[in-house]
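The following paragraphs lead through the structure shown below, moving from contacts and a core to strands and backbone angles.

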Amino acid sequence: MKRWLVVVLLSSVLLAGCQFRPVVPDRPVRIAFMSDRDGSFAVYLINRDGSNAVSLTPGEGVNSGLPHWSPAAGLLTYITDQGKETLVVEAVDLAGQNSRVLAEEPPANASPPIWSPTGEWIAFSSGLPGGSVDVYLLNAASGEVVNLTDSPSQDEFAAWSPDGREILFTSDRDETLAIYKMSVEGGEPVRLTEVESAAAAPEWSPDGSKIAFMTNRDEDVEIYVMDADGGNPVRLTESEGFDGFPHWSPDGTKIAFVSGRDGDAEIYLMNSDGSEVVNLTNSPQSQESIQGDFSWSPDGRQILFHTDRDGNMEVYVMNADGSNPTNISNSPATDFASVWVK
Ligand SMILES: [Ca+2]
Ligand SMILES: [Ca+2]
Ligand SMILES: [Ca+2]
């Protein structure tokens, strides 16, 4: 067959494939975060260049925060202490319209509500002060809340599988803090990490085959990666000082993480096999996303993080190679808990 014919045939197959892709609305990428710039904490939406900050939640006397966006549901959730007796999980669309209460929970929420990738469930951990903490699933459509872990141990939600069918949580049920996997349908949790050391902050690779996590099984805290069934744990970092909170790039080739190896918190980048480690933030006098609260943009080109380098907490965006760090919240107030919205 002639070469040009092969090219034409191949092109038409590729083009035909394109036509069957679902149509994704071309929304601009924006960022939601919480700030007390107007007196009490509220959730704001802002452009990725820092322009047009608008409040999505009522400010006066009511604290709202910990936003999380679901591309599948087209909704932003946040919690609010309206009424003070309970923490209220609410959802709002991006026009700031149609806010509605999804659930009311005891006030000791241990982790913010996180949407499943399918937009079907919202996971969070909750418990009464002094009592045990459990992982709950809230059905976004029906409002039904299920206690998934239901045990006297401290069980905290950790991560969704990419297909939304399983969750990872951390628990001290076997004495040390370990990572467990469980189906959203319920059943017995499976422990993925050893009992001899502590493990936390797991995150599934985008293709679902691996899980990155942090552990103190060596001299200090290091990042490991294991198979999704807990097999083949491999150490990725080797530094004196803290290395933790691994976050996979959307294409799965890189892992960004927080390290204190140079004396203060910075965001670092490495290949997903642990090679080619680069300090992205390079800001020796300040703490960068010390609790792992940073995230990749959906297109993998930028990273959203938090820093006190300007004297108070601000939301920053930088390119994924560390260039062009930009203060987008730019307010003397406390600005944090930012998430990508698209
Ligand atoms: Ca280390
Ligand atoms: Ca720093
Ligand atoms: Ca600020």
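Two residues are in contact if their C-beta atoms, placed from the backbone, lie within 7 Å. This is a predicted model, in which local features need pLDDT of at least 70 and side-chain atom pairs count only at pLDDT 80 or more, whereas totals for chains, interfaces and linings use all residues. Residues are numbered from 1 along each chain as its sequence is written, and chains are lettered from A and ligands numbered from 1 in the order in which they are written.

Leaving aside neighbours within four places in sequence, Leu76 is in contact with Ala32, Leu56, Pro67, Trp69, Ala91, Val92, Leu94 and Val341. Both Leu76 and Ala32 are among the residues with the most contacts inside the largest nonpolar core, together with Ile122 and Ala123; this core has 83 residues. A nonpolar core is a set of buried Ala, Val, Leu, Ile, Met, Phe, Trp, Tyr and Cys residues joined through C-beta atoms within 7 Å. A residue is buried if 20 or more other C-beta atoms lie within 10 Å of its own, exposed if 12 or fewer, and partly exposed in between, with C-beta atoms placed from the backbone. Strand S2 gives the most to this core, with five residues.

Strands, like helices, are DSSP runs numbered from the N terminus (E, at least two residues, for strands; H or I, at least four, for helices), and two strands pair if DSSP finds at least two bridges between them. Four strands form an open antiparallel sheet in the order S3-S2-S1-S28. Strand S3 (54-55) and strand S28 (335-341) stand at the edges with a single partner strand each, so one side of each is left without a neighbour in the sheet. S2 (residues 42-47) and S3 pair over two bridges, and Leu45 has Val54 in S3 as its bridge partner.

Tyr44 also belongs to S2. Tyr44 is buried because 24 other C-beta atoms lie within 10 Å. Beyond its neighbours within four places in sequence, its contacts include Ala32, Phe33, Val54 and Leu56.

Elsewhere, S14 (residues 176-183) and S15 (residues 186-191) pair in the antiparallel sense over three bridges, and a hairpin of two residues joins them. Ser183 has Gly186 as its bridge partner.

Most residues other than glycine have a negative phi. Asp150, in the loop between S11 (145-147) and S12 (155-160), has a positive phi of about 40 degrees. Asp150 counts as exposed because it has 12 C-beta neighbours inside 10 Å. Ala201, in strand S16 (residues 199-204), has a positive phi near 55 degrees; Ala201 counts as buried, with 23 C-beta neighbours inside 10 Å.
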